[in-house]
Amino acid sequence: MRKLIVLGVVGLIAQLIDGSLGMAYGVTSSTLLLAAGVAPAAASAAVHFSELGTSLVSGASHHKFGNVDWRTVSILALPGFIGAFVGATLLSNMDAAVAKPVVAVILLSLGFYVVYRFLRLGGERPTFKGHPSAMFLAPMGLVAGTLDAVGGGGWGPVGTTSLLSSGRLEPRKVVGSIDTSEFVVAVGASLGFLFGLGSAGINWGYAGALLAGGVIAAPIAAWLVKHLAARVLGVAAGGLIILTNSKTLLEAVGVPGVGVAVAAALIFVLWVSGIVWAVKQERLSKAAARADEAELETATA
C-alpha cells in the first residue's frame, strides 16, 4: 500500500510537470518503476495505461483553457498511434539503451536552440507565424510515438522539443497539443503491450496509482500553462530538455555519478537563472507595452 501511495504522489508531480511543460510524465514515472525493479516492458505498460486517463483529463483541461491547436493534434494522432503500437510490440526484443545516447544528443541540441530562441529576444515580445506542416508533423509523430513506447517516455520530449524549435506554434499551444494527442499515443502503446505481454504481464495496481495522482494534477497544470508567459514557458521547457538529456548522455558515456551530479547542479543553476531573467524581461516588455498604450491614448485624447 505504501508503494502505491508513493506512486500516486509521483503521478501527481509527473503530471503537474508534464501538463505545464509538455514532457516528463513518462520519463519520471518509468524511472521510478525501473528503480523499483520492474522490467522495462512492464514499466512502460503501466505508465501508458495510466496515461489513458491522465492524457484524457489533461487534454480536456487544455481545451477548456484554449491551449490546443486541433489541426496539429489531428495530424500527429495517427502517426503517433502507429509508432506507439509498433514500439510497444517490439520492446521485448529491442535494446533501448543503444538508442538513448543518440536521441539525447539530438534533444540536447534542440533544447539549447529553444533556450537561445527565447533568451535572445531581449525586451521584444515573442511572435509565432504560421503552422507546422503535415510533412513535418507526421514523421515526428511516428518517431516520437515509437520512442515513447520503447523508452517509457519520449512523446513529450521529442514532440514538445521539435514544435518549440520550429517556432511555428506558441509554447502554451505546443504543450496543450502534445498533451492532448498523447491520449491516442497511449491507446496505441497500451494495445501493443496487451498484444505483446498479455494482461498478466501488466501491473494494474501501479497503473492505477499513477493514474490517480495524474488525474488530480492535470487541471492544475492546464491552468498554469494558460497563465505562463510564452518567453518564460519556452525557457523553462528548454532548460528541462537540457537538464534531462545532459544527464542521460553523461551516464551513457560513463561519467561517474559525482561528475553527473555536479554537471546537473550547474545546469540547474543556469536554468533557474535563465527563468529569472526571462521573467524580468517579460515584466519589462509588459511595462513598455503599457507605456506605449498610455502614450497613444494621450496623443489621441
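This is a predicted model: local features need pLDDT of at least 70, side-chain atom pairs count only at pLDDT 80 or more; totals for chains, interfaces and linings use all residues.
Me: Where do I start? Which elements does the protein chain have, helices or strands?
Reply: Start with the inventory. The protein chain has 11 helices and 0 strands.

Me: How do I read a nonpolar core?
Reply: The general idea comes first. In soluble globular proteins, nonpolar side chains tend to be buried together. Now the case here. The largest nonpolar core holds 34 residues, and L33 and F193 touch the most other members.

Me: Which helices supply at least two residues of this core?
Reply: They are α2 (25-35), α3 (40-64), α4 (70-90), α6 (134-151), α7 (155-166), α8 (171-197) and α9 (204-227). The largest share, 7 residues, is from α3.

Me: What is F193 in contact with, beyond its neighbours within four places in sequence?
Reply: Its partners are A41, S44, A45, H48, A88, L91, A149 and G198. There is also a second, separate core of 8 residues, with V115, I242, L243 and I267 among them.

Me: How do I read a helix pair? At what angle do α7 and α8 pack?
Reply: Look at angle, distance and handedness, then at the residues. The angle between α7 and α8 is about 145°, and their axes are 10 Å apart. Their crossing is right-handed.

Me: Which residues make the contact?
Reply: From α7 come W155, G156, G159, T160, L163 and L164. From α8 come P171, V174, I178, S181, E182 and V185. By class, this contact has 7 nonpolar, 4 polar and 1 charged residues.

Me: Now a single residue. Is S177 buried or exposed?
Reply: Check the relative accessible area. For S177 this is 0%, so S177 is buried, as the cut-off is under 20%. S177 is found in helix α8.

Me: What lies 2.7 Å from a polar atom of the side chain of S177?
Reply: The backbone oxygen of K173 does.

Me: And which residues is S177 in contact with, leaving aside its neighbours within four places in sequence?
Reply: S177 is in contact with N67, V68, D69, T72, V73 and L169.

Key:
Residues are numbered from 1 along each chain as its sequence is written. Side-chain values use heavy atoms; hydrogens and water are left out. A nonpolar core is a set of buried Ala, Val, Leu, Ile, Met, Phe, Trp, Tyr and Cys residues joined through side-chain atoms within 4.5 Å. Buried means under 20% relative accessible area, exposed over 50%, partly exposed in between (1.4 Å probe, protein chains only). Helices (H or I, at least four residues) and strands (E, at least two) are DSSP runs, numbered from the N terminus. Contact means heavy atoms within 4.5 Å. Axes are lines fitted to C-alpha atoms, for helices over the stretch in contact, and angles run from 0 to 180 degrees between N-to-C directions. A crossing is left-handed if the near helix is turned anticlockwise from the far one by less than a right angle, and right-handed if clockwise. Ala, Val, Leu, Ile, Met, Phe, Trp, Tyr, Cys and Pro count as nonpolar, Asp, Glu, Lys and Arg as charged, and the others, Gly among them, as polar. A polar contact is a pair of N or O atoms within 3.5 Å; within protein, one must be able to donate a hydrogen and the other to accept it, and residues adjacent in sequence count only if both atoms are side-chain atoms.
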